[in-house]
Amino acid sequence: GARDYGAACLANSDPEVATSLDSESVASEASMDEPAVLVGPTDCAVRPFKLEEISFPDKSERIKSGSSMLAVGEVFELRKARQEAPLSFGSILHYSGGPRAQHCRPCIFERWPGRCIKGVLCDFCHLHGGDRQRRTE
């Protein structure tokens, strides 16, 4: 489920958080500091960076969304960045440009805009639609 996916992602970035998410007592010990249910994007979307280190192009404010909160303004920013379908938080490195763009990881489901069911919460880049190679016979 969502918790398993989030725990696997966090296991690669913060062992202390991953251990607490993997324990059976998450539901009984859940606090505001450790979300039992992932609400927003995780740092996996911008790996090897952290969300709070990244900002949208032409904006000075850092991203506020995280696993316990989803900022509506940031969702609107992702939606207006592309007409066909919203970008994902995983698209931010590519969308921002510069040296961080090399860490972009394409979403295999977003070969056609709007096909990824995770939408803005996808950890992978949605700016590679149509980049797939056509097979020649």
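This is a predicted model: local features need pLDDT of at least 70, side-chain atom pairs count only at pLDDT 80 or more; totals for chains, interfaces and linings use all residues.
D58 lies in the loop between helix 3 and helix 4, where helices are DSSP runs of H or I with at least four residues, strands are E runs of at least two, and both are numbered from the N terminus. Its phi is near 60 degrees, a positive value in a residue other than glycine. D58 is also exposed, with a relative accessible area of 83%; exposed means over 50%, buried means under 20%, and partly exposed lies in between, using a 1.4 Å probe and protein chains only.

Residues are numbered from 1 along each chain as its sequence is written, and side-chain values use heavy atoms, with hydrogens and water left out.

**The overall picture**

The protein chain has five helices and zero strands. Read from the N terminus, its elements run α-α-α-α-α. Of the 137 residues in the protein chain, 34% are buried. The chain exposes about 8800 Å², and carbon and sulfur atoms supply 52% of that area, as computed by the Shrake-Rupley method with a 1.4 Å probe. A contact here means heavy atoms within 4.5 Å. Among contacts in the protein chain between residues at least 6 apart in sequence, 54% join residues at least 24 apart.

**The nonpolar core**

In soluble globular proteins, nonpolar side chains tend to be buried together. A nonpolar core is a set of buried Ala, Val, Leu, Ile, Met, Phe, Trp, Tyr and Cys residues joined through side-chain atoms within 4.5 Å. Which residues touch the most other members of the largest core? They are V46, I54, I63, L78, F89 and I92, out of 14 residues in that core. Helix 4 (72–80) and helix 5 each supply at least two residues of this core.

A cis peptide bond joins R47 and P48, with omega at about 15 degrees. P48 is found in the loop between helix 3 (26–29) and helix 4. Another feature involves F49: the charged end of R100 sits over the ring of F49, 4.7 Å from its centre. A charge counts as over a ring if NZ of Lys or CZ of Arg is within 6 Å of the ring centre and within 35 degrees of the ring normal.

**The cysteines**

A disulfide is a covalent bond between the sulfur atoms of two cysteines. The rule used here asks for a pair of cysteine sulfur atoms within 2.5 Å, and the count comes to zero disulfides. C104 is in no disulfide, and the nearest cysteine sulfur, that of C125, is 3.4 Å away. C104 is buried, with a relative accessible area of 16%.

**Pairs that are apart in sequence**

The table gives C-alpha to C-alpha distances for some pairs of residues.

| Pair | Apart in sequence | C-alpha distance |
|---|---|---|
| A101 and S91 | 10 residues | 9.1 Å |
| R115 and A85 | 30 residues | 8.8 Å |
| Q83 and P113 | 30 residues | 9.3 Å |

A101 has its place in the segment after helix 5 (92–96). Apart from neighbours within four places in sequence, A101 is in contact with L93 and H94.

R115 is also found in the segment after helix 5, and R115 is exposed, with a relative accessible area of 55%. Not counting residues up to four places away in sequence, R115 touches F109 and E110.

Q83 has its place in the loop between helix 4 and helix 5. Q83 is exposed, with a relative accessible area of 74%.
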